[in-house]
Amino acid sequence: MRLLRTLGIIAFAAGLSACRKNAITSEVPVSPTTGTRTQFTLDSIYLYAKQIYLWSDALPSYTAFDPRKYASDPLALNAFNSELFDVSQLKVNPQTGLKYEEPVNPGSPKYSFLTDLNANGELAAVGAPTLGAVLKDTVIGKNIGYVALGSFPELSTCKDALDVAFSKLTAAGPQQLVVDLRYNGGGFVETSEYVANLIAPPALSGKVMFSEQYNALLQASNASILKNQTYYDANGKTVIYKGRTANLADVDYTEAGNTHKFSKKGGLETVKDIYFITASATASAAELLISSMKPYFNVKLVGGTTYGKPVGFFPVKIDVYSVYLSSFLIRNAQGWSDYFQGIPADVQVVQGDDPVLGDPDEACLSAVLGLINGASLSTVQQKANDKKVQTASIFKSNAGTIRVPVGMVENRLKLKDN
């Protein structure tokens, strides 16, 4: 998706003017019209957060927050990241007493982030690191389907591979499907949705899969600052809307307009039970797949508690950066979204380094097969506890920090009806 290269200040001045003309439900932020490039960028991060951040109600006034205080850091990028971190730490989840973006790594938000644009002014690649969409597909025994999905990149880059993998499974007519998501840090919503449609039977077509819930200001079409962000279609092209070039303020952010329903893809129609293999690296669009299936299938998780990311975002361009502010909450067909601390596994399995994916003797898959063969959860759990397996290190970088996913990107924003 190609974004404009112009500096933020022109856009933000226009945005503030537009804000003063429109009655909106939140306080209108006012920022100075003079300053350095770094100061304007700091202002812009605050101004966008005030209107599009999922928990924007927690942000104080411009004066109270004082974005420009971060300009004292000699490295501009450090200043921007520090500001974004502080924005992310303002809202507390009343159910847990923890911040919604409680950091996994010190000094970094759990979800929101910013990244440089590339040399062509385009978004940097976003998605889970160093893995393909399909890592392994096989049929175990006569008719147990197994597929390991390493990431959810843009659908156009992996659709063929997904189609081939699920076509192989279709021939076996499996009633039990094992979906290995232990390495899947997420990626694009459209790809997770496509996988769900490959698994679902035709009878689910037309039923709710999930919805995206934006903040009240966005849903009411009052996030006027988005007039400064050009809208691009799925092919990266600008669109004419009401006689002018469309912008992100023209998007339909209502929950009704962002409710996604099943639409069967492929020939697999036999699945009754789904077993997800999970770990702390299983996140965002991968968790979306799990959440979407829970209301309709017998779902069991084996492995570890997932990362906990029921929120997504779309990028906004600020100067030479793409800023990803948590902007919508994912809710499944039952309205469930409360997995900020992760989705716990039904059977906890300590996972070894470099497991052989698809091997029936591998610890997680062995536990799954025990459940499929009729063993109780307690029996399978006890067997898993008896195994002496070292904790996996693959979920950490060489520096020892937890690998944080950057997925759940929505690249299919829809314009409001004319």
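In what order do the four strands of the open sheet run, and in which sense do they pair? The order is 8-5-14-11, and the pairing is antiparallel; two strands count as paired if DSSP finds at least two bridges between them. This is a predicted model: local features need pLDDT of at least 70, side-chain atom pairs count only at pLDDT 80 or more, and totals for chains, interfaces and linings use all residues. Residues are numbered from 1 along each chain as its sequence is written, and side-chain values use heavy atoms, with hydrogens and water left out.

**Chain**
- The chain has 10 helices and 15 strands, taken as DSSP runs numbered from the N terminus (helices: H or I, at least four residues; strands: E, at least two).
- Of the 418 residues in the chain, 53% are buried (under 20% relative accessible area, 1.4 Å probe, protein chains only).

**Open sheet**
- Strand 8 (259–261) and strand 11 (311–312) are the edge strands, each pairing on one side only.
- Five bridges join strand 5 and strand 14 in the antiparallel sense.
- Phe-210 stands opposite Asn-332 in strand 14.
- Helix 6 lies across strand 5, strand 8 and strand 14, and runs at about 160 degrees to strand 5 (axes are lines fitted to C-alpha atoms, for helices over the stretch in contact; angles run from 0 to 180 degrees between N-to-C directions).

**Helix 8**
- Nine of the nine residues of helix 8 (residues 285–293) are buried, so helix 8 is largely enclosed by the rest of the structure.
- The buried residues include Glu-287, Ser-291 and Met-293.
- Their cover includes helix 6 (189–199), strand 5 (208–214) and strand 14 (328–332), where contact means heavy atoms within 4.5 Å.

Key
Buried means under 20% relative accessible area, exposed over 50%, partly exposed in between (1.4 Å probe, protein chains only).
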